[in-house]
Amino acid sequence: MGAYIPPGWPAGVHPPGSEDFESTAIGWLLDVVPPDYRLHGVLRRYPVALATLARYHSKACVEGARQGYRTARTELAGTLPPHAIDTVLAAYRKEGARLAATAEAVDLVERALRGEVFTPKMSLPPTVAGPQSAEPGSAEPESAEARGAGPEAEQKPARAKPEQKAAAQRTAKARAAKERPAGAETAEEKAGGAKAGTAERGRATARRNSAGRGRSDLART
């Protein structure tokens, strides 16, 4: 079984741990750094040193491309026509992506030269990784009927609206009674009290009239 090659590994460099890994890594790293670096034999004898120089050089190239992209319009305005500046920005974007990929590959090669062993990362199942967006052909979310709220649930009679209104009125009256200051009466309560007083006075008058008629009858006898 061959050694695992991580994503972003440079083409032309043999897998880590293979027989030609170190020699192919040196040749690739020398293409990354400026040509004059080939004059220093110490970098061939110690590939880790070469990888370290290549890492700093590649990161500096990425940062230089980013800075040039940020200032291109300001620095080139009045010197180049607008469409030419747009073309320069497109070149920055394209080369910037290539430089960033090279910097990532240099980092992987340096780690392998230092003895790091790469292993494939385990992908978590959807239930562990969390909810994912639905794709064509995937199961759709369950409807209310599928979760049990089917025809039987739909046949359950709903509470009548008059009952709801009466319950709401009773609740409102009870809340108003709690919030009303002591001794205060509502207009409805006052009207009810007046009606009760009138009825009581009527009953008292009837009793007096009945008593008077009784005394008159006794006097006649």
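Biologist: Let's start with H1 and H3: is their crossing left-handed or right-handed?
Modeller: A crossing is left-handed if the near helix is turned anticlockwise from the far one by less than a right angle, and right-handed if clockwise. By that test, the crossing of H1 and H3 is left-handed.

Biologist: Good to know! What kind of model is this?
Modeller: Residues are numbered from 1 along each chain as its sequence is written, and side-chain values use heavy atoms, leaving out hydrogens and water. Local features need pLDDT of at least 70, side-chain atom pairs count only at pLDDT 80 or more, and totals for chains, interfaces and linings use all residues; this is a predicted model.

Biologist: At roughly what angle do the axes of H1 and H3 cross?
Modeller: Axes are lines fitted to C-alpha atoms, for helices over the stretch in contact, and angles run from 0 to 180 degrees between N-to-C directions. The axes of H1 and H3 come within 10 Å, and their crossing angle is roughly 30°.

Biologist: Which residues of H3 meet H1?
Modeller: Contact means heavy atoms within 4.5 Å. From H1, the residues taking part are Glu-22, Ile-26, Leu-29, Leu-30 and Val-32, and they meet Pro-47, Leu-50, Ala-51, Ala-54 and His-57.

Biologist: And how are H3 and H4 oriented to each other, roughly parallel or roughly antiparallel?
Modeller: H3 covers residues 47–76 and H4 residues 82–113, with axes 9 Å apart and an angle of about 160°. Angles under 35 degrees count as roughly parallel, over 145 as roughly antiparallel, 65 to 115 as roughly perpendicular and the rest as oblique. H3 and H4 are therefore roughly antiparallel.

Biologist: Is Ala-11 buried or exposed?
Modeller: Ala-11 sits in the segment before helix H1 (21–32). Buried means under 20% relative accessible area, exposed over 50%, and partly exposed in between, using a 1.4 Å probe and protein chains only. Ala-11 has 72% relative accessibility, so this residue counts as exposed.

Biologist: How far apart in space are Ala-11 and Ala-105, C-alpha to C-alpha?
Modeller: The two are 94 residues apart in sequence. In space, their C-alpha to C-alpha distance is 9.4 Å.

Definitions and conventions. Helices (H or I, at least four residues) and strands (E, at least two) are DSSP runs, numbered from the N terminus.
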